[in-house]
Amino acid sequence: MPAVILGLAVIFGTINPNFWSVTNMANVSRQMSILALLAIGQTFAILSGGIDLSVGSLLALVSVVCAQTMKTFGLVEGITAGLLAGTVAGLISGLIIARARVPAFIATLGMLVAARGAALTLSGGLPIAGLPREFLVLGAGYIGPFPIPTVIAATAFVLAHVILSRTRFGRYVYAMGSNEEAAVLSGINVANYKMLVYITSGLFAGLAGVILTARVISGQPTLGEVQELYSIAAVVIGGGRISGGVGGIGTTLMGVLVLGILGNGLNLVQVSSYIQNIVIGAIIVGAVWIDLARERRR
Amino acid sequence: MNVRACGAVIALAAVVMTGCGRGKQSQEVATGIVPAGSTETAAPAAVTDYPRPAKPSRQYRIGIAIPHLANPHYVGQAYGYIDEAQQLGAQVTLLEAGGYEHLDKQVSQVEDLIASKVDAIILAAISGPGTVGVVEQAAAAGIPVINVNVMTDSDKVVTRIRSDDDVIGRMQADVMGYQLQNGGNVVMLRGAPGTSWAEIRGNAFRKQLAAKYPNVKILGEQYSQSTPADGLRLMEDFLQTFPQINGVYNGADSTAVGAAQAVKSAGKAGSIVMTATDFQLDTEKFIREGVITASILQQPVTMGRWGVRAAINHLEKKPVPPVMFTGLMTATKENLDRLDLTTLRAPSGWTPPVR
């Protein structure tokens, strides 16, 4: 997969030298940061044997809550409220999955529809403008040569990697995804850890939503359409198994890089956006197919 | 309610091509459907003609981002951009975001245009507030941004080229008010939330009705994505909610063709006054059938041409007026066949080279 990414980058860079420019590298990484954060949350959900379909419309709900609170109370309050909105939505999904035993696919599908509805209701369907200008920094600012969203996403990758590989919670996520029954029998409180999985996913969606709100410097109830599917694609393209237990932050990072570089690179070498969709679709299926073929050969 | 049969009333409907050389906007609407002179615009010193500049010596690269191409309005605009750029020897990258719900995609597209160092960016914004950040990024990178059709809430744009949406709203109100002289109930399909056109047109419609036709009441309004499917769904629901609907306002004809289908299916064609903006083929058909009463026509091809002209003028260091309004016409059943559509539609069979 790293070879594929490098290959893509070389091809795009040869056709349009601007691809390698510092501005564009900052640009790609900033564009990828939203998907990256969603995909990190999705990694927890998929690794644990579940899925979180709600993350796309959580972006919209978070954006609206964040913007409305920010207008009334202030910058910090708005950001906090946005993060909280994502986390609470994750908690609700988690409760429904772990306590009411509704399959994750259904529970988060419900949340996908309901969160969009909540975003539209709260905002009356209208964008919320008039946010403080300082907020724009979170979306467009830099720390040294690095865009702030990129720094946040990179930090999140490291943090999530540590959680998944070094903590009990991380080990249990893999255990639940590999064999839930065995996990229960070995005394893991599966219900609690499942809830924690969806809270984590919601929190990352909250972070992504806040950054996206800063990027568009307004609360937007229509944000995030089909982003949940791209986040799932990012997890599986890198080599994460859709049924859980296999994968990790490293493979998800690969998936995010492929999707991000493709999207930006195809724009820069002027491939039609219609054809881009065909290419991305083919790559999602192709990457997983190659992965499975390799696994079978072993 | 007394909905007049259009055919009888319209003497000569508004073939007012104000785009070229007229000092005033599209107000000479001498038609039975709109009382003449009823919609004087208070537009501040708007430019009403904007001739093609001399072909520049260098080949400029212009990046263009528009909301989508599912609406023929934007196909006409795309034709204006591409054809004008050809005339002026400019190279164009045209990007479409796939709909008014994909703000994040448009923001990324404009960022990509900035990164590929185009000479100028022409932006039909998906969201007024939502594109402020990216317009300021472009300005900071020294790339001029020209707003066409849908505006960004930023003073960093070089110029704003659009129809006078305020006049469009008032013109629709005048049709509605004149048709419903004995009063009536109206619903509004406003169009895409957060866009300058949906806001300004709808507000002007409301204001004009309240001021001039107080016995016409607005029962309800809905925002939606600007598609026929949304118009159909909302209108069906409106017809269920309010049995006493006499008129329907449409911010854009994309919702109107859906709403017209709903009105027709309900057997109320001709007994409900329908007004719209723009002139796609289905709108023309519904006007011909008498389902849609009148539509206010913008000139998307002209908008596209002016956008490219403004970009070139700015790049050639010539002054560019800060606001330019393209002209308007009113289409009714009576004048359909006499309208000059070259400023509205791409030649038939033309397809946009989307990137």
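Predicted model: local features only at pLDDT ≥ 70, side-chain atom pairs only at ≥ 80, totals over all residues.
Me: What share of the residues in chain A is buried?

Reply: The cut-off for buried is under 20% relative accessible area. In chain A, 55% of the 298 residues are buried.

Me: How many helices and strands does chain A have?

Reply: Chain A has 13 helices and two strands. Its radius of gyration is 19 Å, close to the 19 Å that the globule rule gives for 298 residues, so chain A is as compact as a globular protein of that length. Along the principal axes, the C-alpha atoms of chain A fill a box of roughly 55 × 50 × 35 Å.

Me: What share of the contacts in chain A joins residues at least 24 apart?

Reply: Take the contacts between residues at least 6 apart in sequence. Of these, 77% join residues at least 24 apart.

Me: How should I read the charges of chain A? How many side chains are positive and how many negative?

Reply: Count each set, then compare the centres. Chain A carries 16 positive and 9 negative side chains. The centres of the two sets lie 6 Å apart.

Me: And pairs of charges? How many salt bridges does a search of the whole structure find?

Reply: Side chains of opposite charge can pair when their charged atoms come close. The cut-off here is within 4 Å, nitrogen to carboxyl oxygen. Over all chains, the search finds 21 salt bridges.

Me: Which residue forms a salt bridge with A:Glu180?

Reply: The partner is A:Lys194, with the closest N and O atoms 3.1 Å apart. A:Glu180 lies in helix α9 (residues 180–185) of chain A and A:Lys194 in helix α10 (residues 190–215), so the pair ties together parts that are 14 residues apart in sequence. A:Glu180 is partly exposed at 35% relative accessible area, while A:Lys194 is buried at 16%.

Me: Where do B:Arg288 and B:Glu284 lie?

Reply: Both lie in helix α9 (residues 281–289) of chain B. They are four residues apart, about one turn of the helix. B:Arg288 is partly exposed at 38% relative accessibility; B:Glu284 is buried at 16%.

Me: Are B:Asp165 and B:Arg162 buried or exposed?

Reply: Both are buried. They form a salt bridge, and their closest N and O atoms are 3.4 Å apart.

Me: Which residues are linked in a network of salt bridges?

Reply: B:Arg52, B:Asp83, B:Glu84, B:Arg305 and B:Arg309 are linked in one.

How values were computed. Residues numbered from 1 in each chain as written. Chains lettered and ligands numbered in written order. Heavy atoms only, no water. Salt bridge = Lys/Arg side-chain N within 4 Å of Asp/Glu carboxyl O. Buried < 20%, exposed > 50% of the residue type's maximum accessible area, 1.4 Å probe, protein only. Rg over C-alpha atoms; globule rule 2.2 N^0.38 Å. Contact = heavy atoms within 4.5 Å. Lys, Arg positive; Asp, Glu negative; His and termini not counted. Charge placed at Lys NZ, Arg CZ, Asp CG, Glu CD.
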